[in-house]
Amino acid sequence: MNLQNFVRKNIWNLKPYSSARNEFSGEASVYLDANENPYNGPYNRYPDPLQWELKEKISSLKGVSKEKILLGGAGSDEVIDIIIRTFCDPGIDNIVTLDPTYGMYQVAANTNDVEIREALLDENYDFKAQDVLRKADEHTKAIFLCSPNNPSGNSLNREEMVYTIEKFPGIVVVDEAYIDFSTQPSFLKELENYPNLIVLQTFSKAWGSAGIRLGMAFASEEIIRIFNKVKYPYNVSKLTQNYALNLLNNYQEIKDNVAVILEERGRLEKVLPELSCVEKVYPTDSNFLLVKVTDANEIYQQLVNKGIVVRNRNKISLCMNCLRITVGTPEENKELITELANF
């Protein structure tokens, strides 16, 4: 693809901010170039603006070269915003998403004055590529596919996703925030085959680190170079980089925690349908379950009264009387089941 045809003209021609840490790389004994306070090391120094050490660790784990990685310091939400700002001219261009899906695509689009077009999922929370492609026109710059999807929890049909990527001439974003809980393969291995593909992942879910707000985007080197012009110079703090490096050095612990979550998810999938207030538990490939209940509003409020907070999705498309329940610890899940049994 000719990327220049899709990137906003002003972004393509943008001269990025050149920070002190961009202009000098390496080690020195005296740093007097960035107007930093000489005291309170090491946090008196600006962090690596391109996070190369962290990217090298991620590269080794994910099998994607570090030049094809962008890190977002406000989680994947920052990356979503960068994608829309890079490709979409405000007031002119649009993006296509599914409905229901992760709400930040719409928020980011609205913030940037970009039209959002939605393709309604079917009764199984899946989609047809043709339905999505019919929503697109000459001003559609990006299609967002969240798989496993939020709030439904299921993985989207892979053949339909591949067809969308192959037939759409613009950018296709596959958001894999929950991929570590799924048996489906990641699209990371498809980056070499599809230059229009961007894959999003995050440290917020399987890595148990929503509090550090670190998201990942994987794409062609050409796309990442454009993103590096658009992102803020020091968008990932030294504290966040150090914490993430420690996580990567303790990957076995992360895998062990995911295994427990999957085991508990399986237990909830068996126990919840036995409760009189539960009408259906939808299939899931994530760390949560979408559960249709007899009265979502009442049950949600009663759970809150007992100090248990789930997500009421009753007003979301195709989710009438549905609660989204995150898989907790064995003790938390037991407490949830005990309270639900009272309805």
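Here is a walk through the pockets, a cavity, a helix pair and some backbone details of this structure.

The model is predicted, so local features need pLDDT of at least 70 and side-chain atom pairs count only at pLDDT 80 or more, while totals for chains, interfaces and linings use all residues. Residues are numbered from 1 along each chain as its sequence is written, and side-chain values use heavy atoms, with hydrogens and water left out.

Let's start with the open spaces. A pocket here is an open set of points on a 1 Å grid over the protein atoms alone, with protein on both sides within 12 Å along at least five of seven lines, and a lining residue has an atom within 4 Å of a point. The largest pocket holds about 630 Å³, where volume is the space filled by probe spheres set on the points, and points are joined across faces, edges and corners. Of its 20 lining residues, R21, Y46, P47, D48 and K238 are the closest to the centre. Two or more residues of this lining come from each of α2 (20-23), α3 (52-62) and α9 (238-248); helices are DSSP runs of H or I with at least four residues, strands are E runs of at least two, and both are numbered from the N terminus. The largest share is that of α9, with 4 residues. Sorted by class, the lining has 9 nonpolar, 5 polar and 6 charged residues (Ala, Val, Leu, Ile, Met, Phe, Trp, Tyr, Cys and Pro count as nonpolar, Asp, Glu, Lys and Arg as charged, and the others, Gly among them, as polar).

The second largest pocket has about 420 Å³ of space. It is lined by 22 residues, and K62, D180, S186, L188 and Q201 sit nearest its centre. Both α3 and α10 supply at least two lining residues, with α10 giving the most, 4 residues.

Now follow α10 to its neighbour. The axis of α10 (residues 251-271) comes within 11 Å of that of α12 (residues 330-340), crossing at roughly 10°; axes are lines fitted to C-alpha atoms, for helices over the stretch in contact, and angles run from 0 to 180 degrees between N-to-C directions. That angle makes α10 roughly parallel to α12, a label for angles under 35 degrees. On the α10 side, E264, R267, L268 and V271 make the contact, and P330, N333, K334 and I337 do so from α12, with contact meaning heavy atoms within 4.5 Å. These residues comprise 4 nonpolar, 1 polar and 3 charged.

The largest cavity has a volume of about 80 Å³. Among its 13 lining residues, S147, R158, Q184, P185 and F187 lie nearest the centre.

S147 also brings us to the backbone. Most residues other than glycine have a negative phi, and most peptide bonds are trans. The bond joining S147 and P148 is cis, with omega about -5°, and P148 sits in the loop between β4 (140-146) and α7 (158-167). The peptide bond from N150 to P151 is cis too, with omega near 25°, and P151 is found in the loop between β4 and α7. Finally, N40, in the loop between α2 and α3, has a positive phi near 75°.

Conventions. Parallel < 35°, antiparallel > 145°, perpendicular 65-115°, else oblique. 1 Å grid on protein atoms, 1.4 Å probe; cavity = no way out; pocket = protein on both sides within 12 Å on 5 of 7 lines; lining within 4 Å.
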